[in-house]
Amino acid sequence: MSKYCYSLLCAPEVEEKLLDALLTTFDDEIFASMPVFSHGTAHGRLSAVEQVLGRSRSVFVQILVTAAEAAVLNALLHRDFAGTGIRFWMTSLVAEGEIA
């Protein structure tokens, strides 16, 4: 079964709601989240300081999903996170595993 890496970039204000949604919807999947700076965010979403710096504080989340799970995640994002400015992309996963 093919898997994909679904990447999300969101504002810190959206982080807890997004992580809760992932934990409840994909409770058997491992995912990672980390604070990052994003570049190229629409100026309407940036504070004055962020506009001067040219970057904004964001949260980056990655989760490995099947095609069916990606469709569920995409529907969830469009339904529950409309207007939040979440950016996302999905790439094919070449390999995965656990070093025990």
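Reader: How many helices and strands does the protein have?

Author: The protein has three helices and four strands. Helices (H or I, at least four residues) and strands (E, at least two) are DSSP runs, numbered from the N terminus. The model is a predicted one, in which local features need pLDDT of at least 70 and side-chain atom pairs count only at pLDDT 80 or more, while totals for chains, interfaces and linings use all residues. Residues are numbered from 1 along each chain as its sequence is written, and side-chain values use heavy atoms, with hydrogens and water left out.

Reader: In what order do the elements run from the N terminus on?

Author: The order is β-α-β-α-β-α-β.

Reader: What share of the 100 residues counts as buried?

Author: Buried means under 20% relative accessible area, exposed over 50%, and partly exposed in between, with a 1.4 Å probe and protein chains only. By this rule, 31% of the 100 residues of the protein count as buried.

Reader: Which residues of the largest nonpolar core touch the most other members?

Author: In soluble globular proteins, nonpolar side chains tend to be buried together. A nonpolar core is a set of buried Ala, Val, Leu, Ile, Met, Phe, Trp, Tyr and Cys residues joined through side-chain atoms within 4.5 Å. The largest core here has 19 residues, of which Tyr6, Leu18, Leu73, Leu77, Phe81 and Ile86 touch the most other members. At least two residues of this core come from each of E1, H1, strand E3 (56-66) and H3.

Reader: Where does Leu73 lie, and is it buried or exposed?

Author: Leu73 belongs to helix H3 (residues 67-80). Its relative accessible area is 0%, so Leu73 is buried. Contact means heavy atoms within 4.5 Å. Not counting residues up to four places away in sequence, Leu73 touches Tyr6, Leu22, Phe26 and Ile63. Leu73 and Phe26 are 47 residues apart along the chain, and their C-alpha atoms are separated by 9.0 Å.

Reader: Which residues does Ile86 touch?

Author: With residues up to four places away in sequence left out, Ile86 touches Leu8, Leu9, Cys10, Val14, Leu18, Leu77 and Phe81. Across the protein, among contacts between residues at least 6 apart in sequence, 79% join residues at least 24 apart.

Reader: How many aromatic pairs does a search of the whole structure find?

Author: A pair of aromatic rings is described by the distance of the centres and the angle of the planes. Rings of Phe, Tyr and Trp (its six-membered ring) pair if their centres lie within 6.5 Å; planes under 30 degrees apart count as stacked, over 60 as edge-to-face and the rest as tilted. The search finds two aromatic pairs. One of them joins Tyr6 and Phe88, and is stacked, at 5.6 Å centre to centre with 15° between the planes. Tyr6 lies in strand E1 (residues 3-10) and Phe88 in strand E4 (residues 87-92), so this pair ties together parts that are 82 residues apart in sequence. Tyr6 is buried because its relative accessible area is 2%, whereas Phe88, at 39%, counts as partly exposed.

Reader: Which residue lies over the face of Phe81?

Author: A charge sits over a ring if NZ of Lys or CZ of Arg is within 6 Å of the ring centre and within 35 degrees of the ring normal. Lys17 lies over the face of Phe81, at 4.9 Å from the ring centre.

Reader: How many salt bridges does the structure hold?

Author: A salt bridge is a side-chain nitrogen of Lys or Arg within 4 Å of a carboxyl oxygen of Asp or Glu. The structure holds three salt bridges. Lys3 and Glu29 form one of them, at 3.8 Å from N to O. Lys3 lies in strand E1 and Glu29 in the loop between helix H1 (15-25) and strand E2 (31-38), so the pair ties together parts that are 26 residues apart in sequence. Lys3 also forms a salt bridge with Glu96, with 3.4 Å between the closest N and O atoms. Glu96 lies in the segment after E4, so this pair ties together parts that are 93 residues apart in sequence. In the salt bridge of Arg79 with Asp80, the closest N and O atoms are 2.8 Å apart. Arg79 is exposed, with a relative accessible area of 59%, and Asp80 is partly exposed at 31%. Salt bridges that share partners join Lys3, Glu29 and Glu96 into one network.
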